[in-house]
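Hi,

Here is the model I promised to pass on. Have a look at it first, and then read on for my notes on what turned up.

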Amino acid sequence: MTERPFEALGLSPDADRAYSLLVSARGVGTAELARQLGVPAERGQATCGELAARGLARRGRDGRWYPVPPHAGFRPLLSRAQEQLRLGAELLDRLDAEYQRVHQGHRADEVVQVVAGRAAIRRRVEDFRGSARQEIASFVPGPAVAPRDPLPGGVRRRVVFERAGLEAAGAFGPPPADPLMSARVAGRLPARLGIADREVALLPPATEDDADPVMLVVLPSPLLDTLTALFDAVWAGGVPLVRRPDAQQPRSALRSRILAMLVSGSTDAAMARSLGVAVRTVQRHVAAMQREAGVDNRIQLVWHAARHGWLDDLPGELPGGRPGGSARRPSG
């Protein structure tokens, strides 16, 4: 039972407690009631006056206070409260209908805001990151440079990279520095996109080199719901890149990179170009990993890698002296 059973009827905390005390006694003087309530005498007197004004207590000829029977005292109060709730519900329905008429039409500037200029875009992106409470979901087309800007504590990242970006030398996969970041790879991404807590989305400029950049900010609306559903669909169909320790992972940095690119769907020729080696070298290492895994083909090798965590951190350079990144291995 709540400590304030009659709060909804408008009784003060003192009156709420005093009525129960009166019910359990055969008449209580004002001073004694104040003592039982633990309040000063004048406050006890005011409490008795409140109960009398609400029709819940009366003063006897002996100067003591007596309760009005509960049903007789509270029934009118309950009836008035129920009528007020009914009127409040009707008003709420009218206000909701008016809100739908005025606001749910969504003028274009209430759904999509346009932010122009590098400085304004930078400030809006900072606000976007700082306001996230649970998750930021992102599309990163182009070179797969993982986000490095700090997020508020406990905020997760879900990032989808483009396969072509993983094949680009010097931008190979997301670094494993953030334990709250999950990454996946898709064949092609429609645009750069960020969604914070499914409540606001950013559509940044397509490239950083735009002389007059413009960013779109999408607020709660069917358009935001569509962008969120698009991200969920692409995420569900992506190849996971998740780092897991495994004593049986390939020891060679080259093999780790070949395997990561194989998982992301790269061809032998694309792997060879990105790594600066011959196609036969790629094929030789793939065959060696198949033997070590005890599998017969590349599909089985990918599944083995997914289940056993066969992607180690990449070393600092690709063969041929080109800078590299880090990759994470897929989960199965």
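The protein chain has 12 helices and 10 strands. Bear in mind throughout that this is a predicted model. Of the 332 residues in the chain, 39% are buried. The accessible surface comes to about 18300 Å², and carbon and sulfur atoms own 54% of that. As for the contacts with a separation of 6 or more, 60% are between residues 24 or more positions apart.

Let me begin with the nonpolar cores. The largest one has 19 residues, and Leu22, Leu33, Leu51, Leu56 and Phe74 are the ones that touch the most other members. Two or more residues each come from helix 1 (13-23), helix 2 (30-37), helix 3 (41-53) and helix 4 (70-103). Helix 1 is the top contributor, with 4 residues.

Now the strands. Strand 3 (residues 112-116) pairs with strand 9 (residues 214-218) in the antiparallel sense, over 5 bridges. Within that pairing, Val115 has Met215 of strand 9 as its bridge partner. Strand 9 also runs antiparallel to strand 8 (residues 200-203), and 3 bridges join the two. There you will find Ala201 opposite Val218 of strand 9.

Which residues form a nonpolar patch on the surface? They are Val114, Val214 and Leu216, and together they have about 220 Å² of accessible area. Val114 sits in strand 3, and with 58% relative accessibility it counts as exposed, because the cut-off for that is over 50%. As a reminder, side chains in a regular strand alternate between the two faces of the sheet.

On to the charged pairs. The salt bridge count comes to 10. One of them is between Glu199 and Arg133, whose closest N and O atoms are 2.8 Å apart. Glu199 is in the loop between strand 7 (193-196) and strand 8, while Arg133 is in the loop between helix 6 (118-131) and strand 4 (135-140), so this pair ties together parts that are 66 residues apart in sequence. How accessible are the two partners? Glu199 is partly exposed, at a relative accessible area of 38%, whereas Arg133 is exposed, at 53%.

Glu135 deserves a look of its own. This residue forms a salt bridge with Arg156, with 4.0 Å between the closest N and O atoms. That pair links distant parts of the chain, with Glu135 in strand 4 and Arg156 in strand 5 (residues 156-162), 21 residues apart. Is Glu135 buried or exposed? Glu135 counts as buried, since its relative accessibility is 12% and the cut-off is under 20%. Arg156, on the other hand, is partly exposed, with a relative accessible area of 40%.

Glu135 has another salt bridge, to Arg158, and here the closest N and O atoms are 2.8 Å apart. This one also links distant parts of the chain: Arg158 is in strand 5 and Glu135 in strand 4, 23 residues apart. Arg158 is buried, at a relative accessible area of 15%. Through shared partners, salt bridges join Glu135, Arg156, Arg158, Arg198 and Asp232 into one network.

While you are in that area, have a look at Ser138, also a strand 4 residue. Ser138 counts as buried, with a relative accessibility of 14%. Setting aside residues up to four places away in sequence, Ser138 touches Arg158, Val159, Val160, Leu193, Gly194 and Phe231.

Cheers

Conventions
Residues are numbered from 1 along each chain as its sequence is written. This is a predicted model: local features need pLDDT of at least 70, side-chain atom pairs count only at pLDDT 80 or more; totals for chains, interfaces and linings use all residues. Side-chain values use heavy atoms; hydrogens and water are left out. Patches are made of residues with over 30% relative accessible area and no salt bridge: like charges are joined within 9 Å, nonpolar side chains (Val, Leu, Ile, Met, Phe, Trp, Tyr) within 5 Å. Accessible areas come from the Shrake-Rupley method with a 1.4 Å probe; for residues, only the protein chains shown count as cover. A salt bridge is a side-chain nitrogen of Lys or Arg within 4 Å of a carboxyl oxygen of Asp or Glu. Buried means under 20% relative accessible area, exposed over 50%, partly exposed in between (1.4 Å probe, protein chains only). Contact means heavy atoms within 4.5 Å. Two strands pair if DSSP finds at least two bridges between them. A nonpolar core is a set of buried Ala, Val, Leu, Ile, Met, Phe, Trp, Tyr and Cys residues joined through side-chain atoms within 4.5 Å.
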